[in-house]
Amino acid sequence: MTARAAFILPAIAAVAATATLAAPACAAEPLPVLLDVLVAAHPQHLAGHDGANLIWKDGTRMPASDADGAKSFAALLQRPSIADQFAIPYPLGRAPSPPGTNEDPGRIRNENFFIKMYGDCRRGAVAPALVSTRWVAGTTLSATRINGVAGRLAAVARALEALPGDLAKFLAPPAGAYHCRAIAGTGRLSAHAFGAAIDVNARYGDYWRWSMAAGAAPAWKNRVPAQIVEMFERHGFIWGGRWYHYDTFHFEYRPELVALAKRVATQP
Ligand SMILES: [Zn+2]
């Protein structure tokens, strides 16, 4: 932790102060820095910010934080601000290993931000941007072309196919990309509802809800090789295997989280 802690966001402070959350690497950054990272990661739709509001290319302004103060982990998931999306640092480059309690980087999604970026599938607004894209072993996926997601998935497929070893079985057949649905057990839209996520082969996937005995804590397990994780991350996707509430065959396009992790790692 550095002097930047003085700028720590209330939500980050809430997470850090929660005894049940094992402390991840400190990545608290001033709000303008978080917004710089977010804008740079989404040049197609974001024009900039004024330090407090995100400014879209169509002129829309969205407040980046809210007046809710410190939030519980549940509140971060249910009603996060745009800045709260950065509340839990993404451990880029860490070897696959069990996350700390409630360490769920990327599961915090501001729904208005995602709907503005990709559309609301419940109103048919995502479908016009969907394209069929090539995946591994002759399979195809339906993903959004917004932010180049579909093209990036095709690039991940080409790169993974070029690696030695039998990786294809982990990747194909894919369990799906675009799907207009809520996250299981919640009313919140899944990243799949925006066409910006992919589930690879479910046969080698593990999901916290599948393995958790009623009332017990999630017991992390993973069969997805690190080379696959690394290749997705190189293209701006985060991995659900880095979540306490794990979903090891899930990847979603979150270049801002990858970019912030790189920035923190390269700072003196
Ligand atoms: Zn998924």
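Biologist: What percentage of the 268 residues of the chain count as buried?
Modeller: This is a predicted model, where local features need pLDDT of at least 70, side-chain atom pairs count only at pLDDT 80 or more, and totals for chains, interfaces and linings use all residues. Residues are numbered from 1 along each chain as its sequence is written, and side-chain values use heavy atoms, with hydrogens and water left out. Buried means under 20% relative accessible area, exposed over 50%, and partly exposed in between (1.4 Å probe, protein chains only). For this chain of 268 residues, the buried share is 52%.

Biologist: Which residues coordinate the zinc ion?
Modeller: Donors are N, O and S atoms within 2.8 Å of the metal (3.2 Å for Na, K and Ca), and water is not among the atoms, so sites may look incomplete. Here the donors follow the spacing H-x6-D-x50-H along the chain. Both H192 and D199 are buried. At 2.0 to 2.1 Å, the zinc ion is held by H192 (NE2), D199 (OD) and H250 (ND1).

Biologist: Happy to move on to the helices! How are α2 and α9 oriented to each other?
Modeller: Helices (H or I, at least four residues) and strands (E, at least two) are DSSP runs, numbered from the N terminus. Axes are lines fitted to C-alpha atoms, for helices over the stretch in contact, with angles from 0 to 180 degrees between N-to-C directions; α2 (residues 31-41) and α9 (residues 255-266) pack at about 125°, their axes 9 Å apart. Angles under 35 degrees count as roughly parallel, over 145 as roughly antiparallel, 65 to 115 as roughly perpendicular and the rest as oblique. Therefore α2 and α9 are oblique.
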